Amino acid sequence: MISEELKLIVDKFNEQGKMKFLEETTEEKISEFEKEHNVKLPAKYKEWLLFSDGGDFFLPAGIQLYGIEHKPLIDVDNNDRPSEEYIVIGALASGDPILCKKDGEKIAIYNQEAGRIENDEIYDDFMAFLNDLYDLLGIGE
């Protein structure tokens, strides 16, 4: 069962066009993943995984989110991150990785070309990130 907040976001996405949401995962599998990799995924991201374990948004040129069961899988040692305190949970079409901290709720985008995370691309939680995708991808302009 997804929260009303997530349901509103998903409905908004589905109105926009081509989305490919993957099958959900389970709380047990999320817990196993966290224990195995010694990480704590953000609560709102875990809620997303219980709805869709990864997926593609705004195809063809949007973003891809990674899952814990469905490929592409989250790789906690991915080299596309600025430091070991981050996990790569997805990527923009540009190749810039979508990050979360190993022990917090914040989501950020790592600008690989500039070698930094821009202040306006740090989100308080995963839902704030999802809500901002329209601005980020220039949709509706």
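The stops below cover the sheet, the helix across it, and selected salt bridges.

This is a predicted model, in which local features need pLDDT of at least 70, side-chain atom pairs count only at pLDDT 80 or more, and totals for chains, interfaces and linings use all residues. Residues are numbered from 1 along each chain as its sequence is written, and side-chain values use heavy atoms, with hydrogens and water left out.

Begin with the open sheet of seven strands, ordered E1-E2-E3-E4-E5-E6-E7 with antiparallel pairing. Strands (E, at least two residues) and helices (H or I, at least four) are DSSP runs numbered from the N terminus; two strands pair if DSSP finds at least two bridges between them. The edge strands are E1 (20–21) and E7 (116–123).

Next, select E4 (residues 86–92) and E5 (residues 97–101), which are joined by five bridges. Val88 stands opposite Leu99 in E5.

Move to E6 and E7, a hairpin with four residues between the strands. Gly115, in the turn, has a positive phi of about 75 degrees. Tyr110 has Ile117 in E7 as its bridge partner.

Now display helix H4 (residues 126–137), which runs at about 110 degrees to E7; axes are lines fitted to C-alpha atoms, for helices over the stretch in contact (heavy atoms within 4.5 Å), and angles run from 0 to 180 degrees between N-to-C directions.

Finally, show Lys106 and Asp124, whose closest N and O atoms are 3.2 Å apart in a salt bridge (a side-chain nitrogen of Lys or Arg within 4 Å of a carboxyl oxygen of Asp or Glu). Lys106 lies in the loop between E5 and E6 and Asp124 in the loop between E7 and H4, so the pair ties together parts 18 residues apart in sequence. In helix H1 (residues 4–16), Asp11 and Lys7 lie four residues apart and form another salt bridge, at 2.9 Å, N to O.
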